[in-house]
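Visitor: I'd like to learn how to read a structure like this one. Could you take me through it feature by feature?

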Amino acid sequence: MDDCLFCRIIRGEIPSAKVYEDDRVYAFRDINPQAPVHVLVVPKAHYKNVSDCAGKDPGLTGYVFKACTDIARAEGLENGFRLTTNNGPDACQSVEHMHVHILGGAKLTDKMG
Ligand code: AMP
């Protein structure tokens, strides 16, 4: 996806604060953090959201979530963290490349919506 923002970040065409990378996922700090720790974890393959990824490659979807828990541990979030993935317009998904937000580092609000 030539013009996808997160594909361009993965390719290094747009700078990012990288947290983790392997052959299947890339993780970087959100540019507008909503918590003391706010990391985005994305599959390197382009899927427009988690529904798209889960439908076409459920194994990769699981791999992304496993990576999230590993990254959360590495970020020191032993006391808890939240994983959020916005899926489509009603969820206000703003970047159409599947991504999971890791939020933590403080007590988060109990409001989920
Ligand atoms: P969503 O609204 O769930 O699609 O999340 C997209 C996220 O991408 C938002 O939290 C943005 O702050 C974040 N974002 C947008 N552009 C960048 C960028 N260049 N580097 C890091 N995070 C970004």
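Guide: Let's start with the cysteines. The sulfur of Cys53 sits 11 Å from the closest cysteine sulfur, in Cys68, which is too far for a bond. A disulfide here is a pair of cysteine sulfur atoms within 2.5 Å. Before we go on: this is a predicted model, where local features need pLDDT of at least 70 and side-chain atom pairs count only at pLDDT 80 or more, while totals for chains, interfaces and linings use all residues. Residues are numbered from 1 along each chain as its sequence is written, and side-chain values use heavy atoms, with hydrogens and water left out.

Visitor: How many disulfides does that rule give?

Guide: The count comes to 0 disulfides. Cys7 is in none either; the nearest cysteine sulfur, in Cys4, is 3.7 Å away.

Visitor: Are Cys7 and Cys53 buried or exposed?

Guide: Buried means under 20% relative accessible area, exposed over 50%, and partly exposed in between. Cys7 is buried at 6%, and Cys53 is buried too, at 0%.

Visitor: What about Cys92, buried or exposed?

Guide: Cys92 is exposed, with 61% relative accessibility. Cys92 belongs to the loop between β4 and β5. Helices (H or I, at least four residues) and strands (E, at least two) are DSSP runs, numbered from the N terminus. As for backbone angles, most residues other than glycine have a negative phi. Cys92 is not a glycine, yet its phi is positive, about 60 degrees.

Visitor: Which residues come nearest to the ligand?

Guide: A residue is near a molecule if one of its heavy atoms lies within 4 Å of it. There are 16 residues around the ligand, and Asp30, Asn86, Ser94, His99 and His101 come nearest. By type, the shell splits into 8 nonpolar, 6 polar and 2 charged residues. Nonpolar covers Ala, Val, Leu, Ile, Met, Phe, Trp, Tyr, Cys and Pro; charged covers Asp, Glu, Lys and Arg; the others, Gly among them, are polar.

Visitor: Where is His101 found?

Guide: His101 is in strand β5 and is buried at 13% relative accessibility. Its side chain also makes a polar contact with that of His38, at 2.8 Å.

Visitor: And how does β2 pair with β1?

Guide: Strands pair if DSSP finds at least two bridges between them. β1 (residues 18–21) and β2 are antiparallel over 3 bridges. Tyr20 stands opposite Ala27 in β2, and the two strands form a hairpin with 3 residues between them.

Terms used:
Buried means under 20% relative accessible area, exposed over 50%, partly exposed in between (1.4 Å probe, protein chains only). A polar contact is a pair of N or O atoms within 3.5 Å; within protein, one must be able to donate a hydrogen and the other to accept it, and residues adjacent in sequence count only if both atoms are side-chain atoms.
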